[in-house]
Amino acid sequence: MRGGERVLERLLQMFPQADIFTHVYDPSAVSDIIRRHTVKTSFIQKLPFATTKYQSYLPLMPMALEHLDLRGYDLVISSESGPAKGVIAAPDAMHLCYVHSPMRYLWDHYHDYRDATGFVNRMVMPWMCHSLRKWDMSSAARVDRFLANSNFIRERIAKAWRRPAEVVHPPVETDLFNVSPDIEDSWLWVGQLVPYKRADLAIDAFNKLGLPLTVVGDGPMAKELRKRAGPNIRMIPRMSFAELRAAYARARALVFTAEEDFGIVPVEVMASGRPVLAYGRGGALDSVVAGRTRQFFAEQSVDAVVEAVQDMERWLPHFDPAASLTRARDFAPEVFDRGILEALV
């Protein structure tokens with residue numbers, strides 16, 4: 001249950017009679033909202049270890065999508081961050097594609113993924129991805145209208161598929177978060193401990209600064225980063241939602257080091273009345289407002305983060321939580337709903 005599933009939940013509330021088509025389905029891993037709907041899977045569901053090793057079946061996914069029978073549906077909404085838009089809709093159906101990201105491992109992050117994988121995959125990826133890119137490009141022609149979750153993704157859609165897109169930001173349940181009168185001294189970092197999230201930048205910078213930092217997240221880099229963290233850095237693998245809400249509301253500020261497609265965490269922090277220091281690229285440019293909900297650092301380097309934190313420390317006494325709350329409301333679910341409905345007119 002991550003950002004893509006939150007979008008799916010909201011779409012299901014907007015279209016309560018909708019059926020769900022997906023490659024693989026594990027009912028125990030999703031919410032009650034999703035479980036209440038009819039879910040139909042592709043043939044990949046029947047393959048060995050599909051629910052845990054589904055990414056291994058990527059070469060089969062284009063064929064599996066095209067095999068799905070969508071006859072009888074007058075509206076098809078695909079939620080795209082992997083190959084989802086390649087379904088074949090009926091000739092008289094509207095196909096709206098909501099794009100979280102064109103497939104990163106095919107396009108702008110291809111070399112990063114290839115360098116990080118094992119020897120066998122490094123040998124296979126050039127051949128597999130070459131074919132997938134051609135299919136990905138051609139299948140974009142099957143979509144009637146594209147929506148992007150940020151201006152950053154809108155630009156990537158134009159680059160990869162040569163198609164225009166309108167921006168509809170993902171829904172953030174801003175009403176679930178509260179302001180706290182008790183603010184702690186510790187800064188906050190939240191996310192998966194994977195390379196592109198750049199938790200290492202935050203840890204190295206705060207080691208250098210000597211300021212307290214709480215890192216919430218788990219992932220393949222966890223062991224390495226725990227060794228790297230100084231005594232001023234507290235690392236917590238997981239928090240319940242209630243614990244995370246409290247952490248947001250009490251944090252001195254959030255440091256957001258990733259180049260994200262959109263980035264829901266900064267909006268949730270702003271909905272908790274706290275400021276954000278973010279890397280000045282990607283989806284964060286759509287949500288964080290310099291000088292109001294605070295600022296950006298220009299490059300992913302330790303020195304840039306250190307300098308930005310020091311600057312923000314000088315500014316924090318002037319921070320007005322109302323500015324963050326006002327900005328967060330721009331991403332409330334009803335704003336998302338309006339964007340989807342306007343795209344169908």
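Mentor: The count comes to two cavities of 30 Å³ or more. On a 1 Å grid over the protein atoms alone, a cavity is a set of points where a 1.4 Å probe fits but cannot get out, and lining residues have an atom within 4 Å of a point. Grid points are joined across faces, edges and corners, and a volume is the space filled by probe spheres set on the points. Keep in mind that this is a predicted model, where local features need pLDDT of at least 70, side-chain atom pairs count only at pLDDT 80 or more, and totals for chains, interfaces and linings use all residues. Residues are numbered from 1 along each chain as its sequence is written, and side-chain values use heavy atoms, with hydrogens and water left out.

The largest cavity has a volume of about 40 Å³. Around it you'll find W189, V190, G191, K197, F256, T257, A258 and E260. Sorted by class, that's four nonpolar, two polar and two charged residues; here Ala, Val, Leu, Ile, Met, Phe, Trp, Tyr, Cys and Pro count as nonpolar, Asp, Glu, Lys and Arg as charged, and the others, Gly among them, as polar.

Now the second largest cavity: about 40 Å³ of space lies in it, and its lining is L193, G217, A222, R226, M235, I236 and P237. Two or more of those residues come from each of α9 (222-228) and β9 (233-236), with helices (H or I, at least four residues) and strands (E, at least two) being DSSP runs numbered from the N terminus. By class, this lining has five nonpolar, one polar and one charged residues.

Key. On a 1 Å grid over the protein atoms alone, a cavity is a set of points where a 1.4 Å probe fits but cannot get out, and a pocket is an open set with protein on both sides within 12 Å along at least five of seven lines; lining residues have an atom within 4 Å of a point.
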